[in-house]
Amino acid sequence: MLCQECGVRPATLHFTKIVNGEKTEFHICESCAREKGEMIPGTAGGFSIHSLLSGLLDLEGAGKGKATAATNVQGLHCEKCGMTYSQFSKLGRFGCSSCYKYFDNALDPLFRRVHGSTAHVGKLPKRAGAQIVFKRRIDELKQEMQQSIAEEEFETAAELRDQIRKLEKDMAQ
Amino acid sequence: MSSLRFTEQALSDWMRSGGSHSEIVISSRMRIARNLEHLPFPLLASGEQAEEALNQLAPVFASNPAPDLGTFELVKLDELDELDKKVLVEKHLISPNLANDSRGGAVILNADESVSIMINEEDHLRIQCLFPGLQVKEAWERASAIDDIFEASVNYAFDDRRGYLTSCPTNVGTGLRASVMVHLPALVMTQQINRILTAVNQVGLTVRGIYGEGSEAVGNIFQISNQITLGQTEGEIIENLHGVVTQIIEHERHARERLLADSPLRITDRIQRSYGILSFAAIMELKESAQRLSDLRLGVDLGILENPSISVLNELNVKTQPGFLQKMFGDEMTSTERDMYRAKLLRETLGSQH
C-alpha cells in the first residue's frame with residue numbers, strides 16, 4: 001500500500017481515527033507523518049496529540065517500533081519558564097507566552113492539525129494592535145519590493161522603499 | 001456572606017427572558033480566553049504570581065466600568081465552601097476547573113449573572129457572557145466590549161502571528177469558544193441525531209454535554225461550539241455557528257411536526273406519562289428527571305401541556321442537580337436521599353400546577 005499523502009513511499013503507519021463514533025482510517029509513510037505532526041509510536045518524545053485533544057486521534061494499537069530517529073523538537077525548551085517540549089507534549093499546555101517562541105519550530109504542524117491553519121486573522125488588541133497593523137503593511141510592501149526587484153522594475157521598487165521608510169518612521173512615533 | 005446571593009436562586013435573572021428560538025435554543029454563550037504578558041500561565045504560576053494576576057485584573061472591574069451591565073462583584077474561590085462552588089458550576093457561572101483546580105481563582109459576576117469573568121482558570125482571564133435563546137452575535141459583542149475594557153488597562157500576551165496566546169493550543173488565536181445550548185428531543189426520538197452531529201463535526205464544530213468537555217448529553221440538551229480558534233475571524237466563527245444552529249433548529253422543528261402528525265397519540269402518551277411520573281414518584285434519579293423534564297419541555301412547545309412554563313422547567317433543570325438539592329434540603333446526603341429529595345421537589349413544584 002502506498003502512502004495516502006505523497007503516493008510515493010510505502011505506507012508504514014496505519015491510523016484509525018474515531019470521532020463521535022465515525023471511523024476513518026488513514027495510511028501514511030513516516031516522513032509524511034512527521035510532516036503532519038503525527039505522533040510516531042516508538043519514538044521517545046514524539047508529539048502525542050491524543051493526550052492533548054481527547055478523541056481527536058486514537059493512536060493506540062498503531063504499529064509500534066517501526067519509526068526511526070526522532071526529530072529535533074524534543075530537545076526544545078522554553079528559556080523563560082523552563083518547560084521542555086516533552087513536558088509540553090505530555091501536559092498539552094504551554095507554561096507561559098514565551099513557550100510559543102521557543103517551540104515555534106514545532107508548532108506549525110500542530111496548529112495545522114488542530115485548527116487547519118497557523119496564523120491569527122481575528123481581533124487585534126487596540127493598543128498593541130496599532131503597531132501590528134503597521135508591521136503587517138510594511139511586511140506586505142517589503143514583499144512587493146522584493147518582487148519588483150526580481151522583475152527588474154527598479155523604479156517601482158524605489159517607490160516601495162520610500163513608502164516603507166515613511167511607514168517605519170510613522171510607526172516609531 | 002456576599003457570595004450567597006449567587007447561589008440562592010437556581011435561575012439567573014438573565015435566563016428569565018426567552019430570547020429568539022427559545023423553544024429549542026436554551027442559551028448562547030461566548031467565552032474569551034486571555035493571558036497577561038510577562039506572567040507564566042496559571043499552570044506554572046507560583047502562589048505569588050497567581051496573586052499578582054488577580055491584583056492586575058480584579059481592580060479593572062472594581063470601578064464599575066460597564067454600568068449598563070449592573071454592578072460587578074468579585075468572589076474569591078478559596079472563600080467559598082464546596083457546596084457554593086458546586087452550585088456555581090451547576091449554574092454555569094464558573095467552570096469545574098476553576099472550582100476544583102485553580103490557585104488564586106476568582107470570579108467577577110454582575111447582578112443578573114449574565115457576565116462571569118473567571119480569573120486564574122486555565123488562562124489568567126476568561127470572559128464569559130450568557131444570553132437566553134439564540135443570540136450569538138449579541139453575546140460576542142458584549143464579551144468583546146468587556147475584553148476591550150480589560151485591554152485598556154492590562155497588557156495581554158499577544159503575538160503578531162499566533163494571536164492571543166493561551167495555555168492550551170486548542171484556544172490560541174481568537175481565544176474564542178462560542179457555544180449554543182440546544183434541546184433536541186425530536187431528533188433524538190427519530191434517531192436522526194447521530195447523523196446530524198456527525199455533519200456538525202465536519203464543519204469545524206463540536207458537540208458536548210451541557211457541563212462542557214467530557215460531560216454527557218442529558219435530557220436531550222446538547223452544547224454546540226466552535227472547535228477552531230486560529231485562522232478564522234471571530235465574525236466567521238460566529239457566523240458559522242449561527243448558520244449551523246439555524247439549520248439544526250429547522251431539522252428539529254420538522255421532526256417535531258412529523259412526530260405530532262404521524263403519531264399524536266404516542267407522543268401525547270409519552271409526555272403525559274412523564275408528567276404523571278414527575279408529579280407522583282417518590283424516588284427520582286438525575287438522569288430520569290432530566291429525560292422526563294425534556295419530555296415536558298417538548299409537551300409545552302407542542303401545545304400538549306399548558307403548564308409548567310419554560311421558565312419553571314429551566315429552573316428545575318438546575319434545582320435537580322446534586323449541589324442545589326443539598327443547598328435546599330440541608331448538607332450531607334446519600335445518593336438515595338438525594339433521589340428522594342429530588343422527587344419531593346418535583347412533586348411539590350409540578351403537583352401544584354395541576
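Trainee: Happy to start! Is B:Arg253 buried, partly exposed or exposed?

Mentor: Keep in mind that this is a predicted model. The relative accessibility of B:Arg253 is 25%. Buried means under 20% and exposed means over 50%, so at 25% B:Arg253 counts as partly exposed.

Trainee: Which residue forms a salt bridge with B:Arg253?

Mentor: Look along helix H8 of chain B, residues 234-262. The closest N and O atoms of the pair are 3.8 Å apart, and a salt bridge needs them within 4 Å. The partner of B:Arg253 is B:Glu250.

Trainee: How does B:Glu250 count, buried or partly exposed?

Mentor: Its relative accessible area is 38%. Buried would need under 20%, so B:Glu250 is partly exposed.

Trainee: Which chain B residue meets A:Lys126 in a salt bridge?

Mentor: A:Lys126 and its partner have N and O 3.0 Å apart. A:Lys126 lies in helix H6 of chain A and the partner in helix H5 of chain B, so the pair joins two chains. The partner is B:Asp148.

Trainee: And what is the N to O distance between B:Arg161 and A:Asp108?

Mentor: These two side chains meet in a salt bridge. The pair crosses between chains, from a loop between strands S6 and S7 of chain B to helix H5 of chain A. The distance, N to O, is 3.6 Å.

Trainee: How many salt bridges does the structure hold over all chains?

Mentor: Side chains of opposite charge can pair when their charged atoms come close. Over all chains, the number of salt bridges is 32.

How values were computed
Residues numbered from 1 in each chain as written. Chains lettered and ligands numbered in written order. Predicted model: local features only at pLDDT ≥ 70, side-chain atom pairs only at ≥ 80, totals over all residues. Heavy atoms only, no water. Helix = DSSP H or I, 4+ residues; strand = E, 2+ residues; numbered from the N terminus. Buried < 20%, exposed > 50% of the residue type's maximum accessible area, 1.4 Å probe, protein only.
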